[in-house]
Amino acid sequence: QVQLVESGGGLVQPGGSLRLSCEASGPIFSTLVMSWYRQTPGKERELVAIITSTGSSTNYADSVKGRFTISRDNSKNTVYLQMNSLKPEDTAVYYCNARTKFGEHLRWGQGTLVTVSS
């Protein structure tokens, strides 16, 4: 039904910025709830940010509030995660996720590594 292709990960210095992108294929992107998760070794995958199908509502983990912004462009079938004021603790593999508005899981992206280090 949908496939996700992520990009934008890489190495950045503390205090820097990075923007992740996740492009979806398929005809139903504009109906989907999209989110970003992250995971580090030894820890469970955690929700970072989530956005409704129209982009009218967003939620964030407390650890990233005020620094990260999730957005989407339904005309481009793409969801973004703008990350500012990055900290070493933000180092993780970041995954995008697609769900129906009813909560049914559809797909994980392959993950993109973000490393915050000097």
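Predicted model: local features only at pLDDT ≥ 70, side-chain atom pairs only at ≥ 80, totals over all residues.
Me: What joins Cys22 to Cys96?
Reply: A disulfide does, with an S to S distance of 2.0 Å. The structure holds one disulfide.
Me: And which parts does the pair tie together?
Reply: Cys22 sits in strand β3 (residues 18–25) and Cys96 in strand β9 (residues 92–99), so the link ties together parts that are 74 residues apart in sequence.
Me: What's the handedness of that link?
Reply: The link of Cys22 and Cys96 is right-handed, with 45° about the S-S bond.
Me: Nice. Switching to the open sheet: what's the strand order?
Reply: Four strands make up the open sheet, running β1-β3-β8-β7 with antiparallel pairing. β1 (3–7) and β7 (68–73) are the edge strands, each pairing on one side only. From one strand to the next, the twist averages 15°.
Me: How many bridges do β1 and β3 pair over?
Reply: Five, in the antiparallel sense. As for who faces whom, Gln3 stands opposite Ser25 in β3.
Me: Another topic: where does Thr112 lie?
Reply: Thr112 is in strand β11 (residues 112–116). Thr112 is buried, and its relative accessible area is 10%.
Me: What does the Thr112 side chain reach?
Reply: The backbone nitrogen of Gly9, at 3.3 Å. Setting aside neighbours within four places in sequence, the contacts of Thr112 are Glu6, Gly9, Leu20, Ala92, Val93 and Tyr94.
Me: Great, thanks!

Conventions:
Residues numbered from 1 in each chain as written. Heavy atoms only, no water. Disulfide = S-S within 2.5 Å. Helix = DSSP H or I, 4+ residues; strand = E, 2+ residues; numbered from the N terminus. Buried < 20%, exposed > 50% of the residue type's maximum accessible area, 1.4 Å probe, protein only. Polar contact = N/O pair within 3.5 Å; in protein donor to acceptor, adjacent residues only side chain to side chain. Contact = heavy atoms within 4.5 Å. Pairing = 2+ DSSP bridges. Axes fitted to C-alpha atoms, helices over the stretch in contact; angles between N-to-C directions.
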